[in-house]
Every structure is written in C-alpha cells, then in structure tokens.
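Please look over the chain shown here before reading on. The report is meant to be read with the model open beside it.

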Amino acid sequence: MIQELATPIIAGTTVASHVVFVLFLFLYATNATIKKGTQQIVNTYIDEIIFIFAFVALAGSLVYSNIVGFPPCDLCWVQRIFIYPQVLIASVSMWRKEKLAVYYALPLSLIGGAVALYHSYVLWGGGSLLPCTAVGGECSKVYVMEYGYITIPVMALTTFIYLLTVSYIYKKS
C-alpha cells in the first residue's frame, strides 16, 4: 500500500527535478545574469544546499528500506556510505559557519556517483563485474521502474550529480 503511494510521488519528483535541472543547466550556460546570481546563491548557501540534497536522499532511502520494506543491496549500502555522512558534514559546517562541506562532498559524491552509475548500468541490462549483481542477486532486483528509467540507483545518481554540480559551481566562483 505505502509503495503505491510513495513511489509515484518520489519518482515524479525525480523526473520533475531532471526537467528543472536540464533547464537550469541551459540557462546557466547561456545567461550571464543567471550564472552570476546562481554563483552568489551557491557561495552564500553551499552548506545548506548540500544538507538539503543529502538529507532528501537519506530520507528517501530510509523510506524505501524501513517503511516500504525494500531491503538495500550491497551496492545500495555503498551508495549510502557516501551520501549519509554528507548530512552530518553539512550540519557541522553550517553550525560552525565554515563552508567546508563542499570539500568533503566533492570526493564523496564522485565515488558514490560512480557506484550509482554502475548500479544503474547493470539494472539497465549492462554486464556485471561484481557477484552482487549476478542474475537473481539482490542488486539486480528492480524494486522501482517508473517513466522507463527511474530506479532507486537513478534517484541516488541524481542526488550525486546535483551535489557535484553545486560543488563545481562553488569551486569555479
């Protein structure tokens, strides 16, 4: 019952965020005013932005595992290892007003994003290099498939891409 409620909302929000993100990237690349304004916002609120993205991912993963009842596979646990600490890191950085979370978010997001990309690739039919994702393994089980491409690893990949994007914007400005 809860899956029928949660999945359309979470998947729909993910798709909507993809549309907004692509539009944002286009405007950021083509409009100097938007680019400058974005850089100012990111420079001012980098810790808060990292916290929000990481917290939403943490909450979503806990909803799927603890409320909906999908057991996380090994690759999902690895992705969690790289997203969960970012909530705490951003919280401490906000509390201390140091804007240091970005320096930790960048490597964590690069590694977590690579794992999420690999996991997505395997779920889309790519060959597996790890026994975890062998046919019938927990990592090969598709619990969510919405809009033809939204899976739980794609949701994680989305978060890592957003974190990498704000980290990039922060470092460039």
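## Basis of the report

This is a predicted model, in which local features need pLDDT of at least 70 and side-chain atom pairs count only at pLDDT 80 or more, whereas totals for chains, interfaces and linings use all residues. Residues are numbered from 1 along each chain as its sequence is written, and side-chain values use heavy atoms, with hydrogens and water left out.

Two packed helices are described by the angle between their axes and the distance between the axes. Helices here are DSSP runs (H or I, at least four residues), numbered from the N terminus, while strands would be runs of E with at least two residues. Axes are lines fitted to C-alpha atoms, for helices over the stretch in contact, and angles run from 0 to 180 degrees between N-to-C directions.

The axes of α2 and α3 are 8 Å apart and pack at an angle of about 140°, and the two helices are therefore oblique to each other (angles under 35 degrees count as roughly parallel, over 145 as roughly antiparallel, 65 to 115 as roughly perpendicular and the rest as oblique). The crossing of α2 and α3 is left-handed, a term used if the near helix is turned anticlockwise from the far one by less than a right angle, with right-handed used if clockwise. Residues of α2 that meet α3 include Phe55, Leu58, Ser61 and Leu62, and among their partners in α3 are Arg80, Tyr84 and Val87, where contact means heavy atoms within 4.5 Å.

For α3 and α4, the axes come within 9 Å and cross at roughly 160°, which makes α3 roughly antiparallel to α4. This crossing of α3 and α4 is also left-handed. On the α3 side the contact includes Leu75, Gln79, Phe82 and Gln86, and on the α4 side it includes Tyr104, Leu108, Gly112, Val115 and His119.

## Aromatic pairs

A pair of aromatic rings is described by the distance of the centres and the angle of the planes. Rings of Phe, Tyr and Trp (its six-membered ring) pair if their centres lie within 6.5 Å, and planes under 30 degrees apart count as stacked, over 60 as edge-to-face and the rest as tilted. By this rule the count comes to six aromatic pairs. One of them joins Phe53 and Tyr162, a tilted pair with 5.6 Å from centre to centre and 45° between the planes. Phe53 lies in helix α2 (residues 32-68) and Tyr162 in helix α5 (residues 152-172), so this pair ties together parts that are 109 residues apart in sequence. Phe53 is partly exposed at 26% relative accessibility, whereas Tyr162 is buried at 11% (buried means under 20% relative accessible area, exposed over 50%, partly exposed in between, with a 1.4 Å probe and protein chains only). Phe21, Phe53 and Tyr162 form one aromatic cluster.

The rings of Phe70 and Tyr143 have centres 4.5 Å apart and planes at 20°, so they form a stacked pair. Phe70 is buried at 9%, and Tyr143 is partly exposed at 22%.

Which residues does Ser61 touch, not counting residues up to four places away in sequence? Ser61 touches Arg80 and Tyr84; Ser61 itself is in helix α2 and is buried at 15% relative accessibility.

Not counting residues up to four places away in sequence, Gln79 touches Gly112, Val115, Ala116, His119, Pro153, Ala156 and Phe160.

## Positive phi in a loop

Most residues other than glycine have a negative phi, and most peptide bonds are trans. Lys97, which lies in the loop between α3 and α4, has a positive phi of about 55° and is exposed at 71% relative accessibility. Lys99 is found in the loop between α3 and α4, has a positive phi near 55° and is partly exposed at 31%.
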